[in-house]
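This report describes selected features of one protein model. The structure is shown first, and the description follows.

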Amino acid sequence: MTVSSTNSLEKGQVERSAEETPDHNECLKILSLVLDQEASDEEHAYFKKHVENCMPYYEIYNVDKAIKDMIKTKCISQDTPADLIDSIKSKIYQQAD
C-alpha cells in the first residue's frame, strides 16, 4: 500500500486494499485521523470497512474514542478556579517580560 507524505492513502489504493487483505498498519495510521475527524472521505471509508471485519480494531477504535470523549468531557466541563487562572496568567506574563 502506498502512503503519501501526508500519511493519506493515494487515490484508488483504498478501494483495492479494502477488498484485499486488510492492512493493520495502515488502519493504525488512519485511526488517529478518524478519531480527530481529520481523515479524508477515502480514509474514513477504508477504516470503516476494515473495522466492520476486524474485531481487534473495532475494540481499539471504541476504547480510544471513549477515552478521548471522557477526557474532552472531564477537561472542558470543569470550572477552573480563578486563583489558578490568575497564577497561570501571572507566570506567562513574567515569562514574556
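Met70 is found in helix H4, which spans residues 55–76; helices (H or I, at least four residues) are DSSP runs numbered from the N terminus. The model is predicted, so local features need pLDDT of at least 70 and side-chain atom pairs count only at pLDDT 80 or more, while totals for chains, interfaces and linings use all residues. Residues are numbered from 1 along each chain as its sequence is written, and side-chain values use heavy atoms, with hydrogens and water left out.

Met70 has 47% relative accessibility and therefore counts as partly exposed, a class between buried (under 20% relative accessible area) and exposed (over 50%), with a 1.4 Å probe and protein chains only. Together with Val63, Ile67 and Ile71, Met70 makes a nonpolar surface patch of about 360 Å². Such a patch joins nonpolar side chains (Val, Leu, Ile, Met, Phe, Trp, Tyr) within 5 Å, taken from residues with over 30% relative accessible area and no salt bridge. Accessible areas come from the Shrake-Rupley method with a 1.4 Å probe.

## Salt bridges

Side chains of opposite charge can pair when their charged atoms come close. A salt bridge is a side-chain nitrogen of Lys or Arg within 4 Å of a carboxyl oxygen of Asp or Glu, and the count by this rule is two.

Lys68 is partly exposed at 33% relative accessibility, and Asp36 is partly exposed at 34%.

Asp69 and Lys65 also meet in a salt bridge, at 3.2 Å from N to O. Both residues lie in helix H4, four residues apart, which is about one turn of the helix.

## The largest pocket

The largest pocket holds about 210 Å³ of space. On a 1 Å grid over the protein atoms alone, a pocket is an open set of points where a 1.4 Å probe fits, with protein on both sides within 12 Å along at least five of seven lines; lining residues have an atom within 4 Å of a point. The volume is the space filled by probe spheres set on the points.

Among the lining residues are Asp36, Lys65, Lys68 and Asp69. H4 supplies the largest share of the lining, five residues, and helix H2 (24–35) supplies at least two. By class, the lining has four nonpolar, two polar and six charged residues, where Asp, Glu, Lys and Arg count as charged.

Methods: Patches are made of residues with over 30% relative accessible area and no salt bridge: like charges are joined within 9 Å, nonpolar side chains (Val, Leu, Ile, Met, Phe, Trp, Tyr) within 5 Å.
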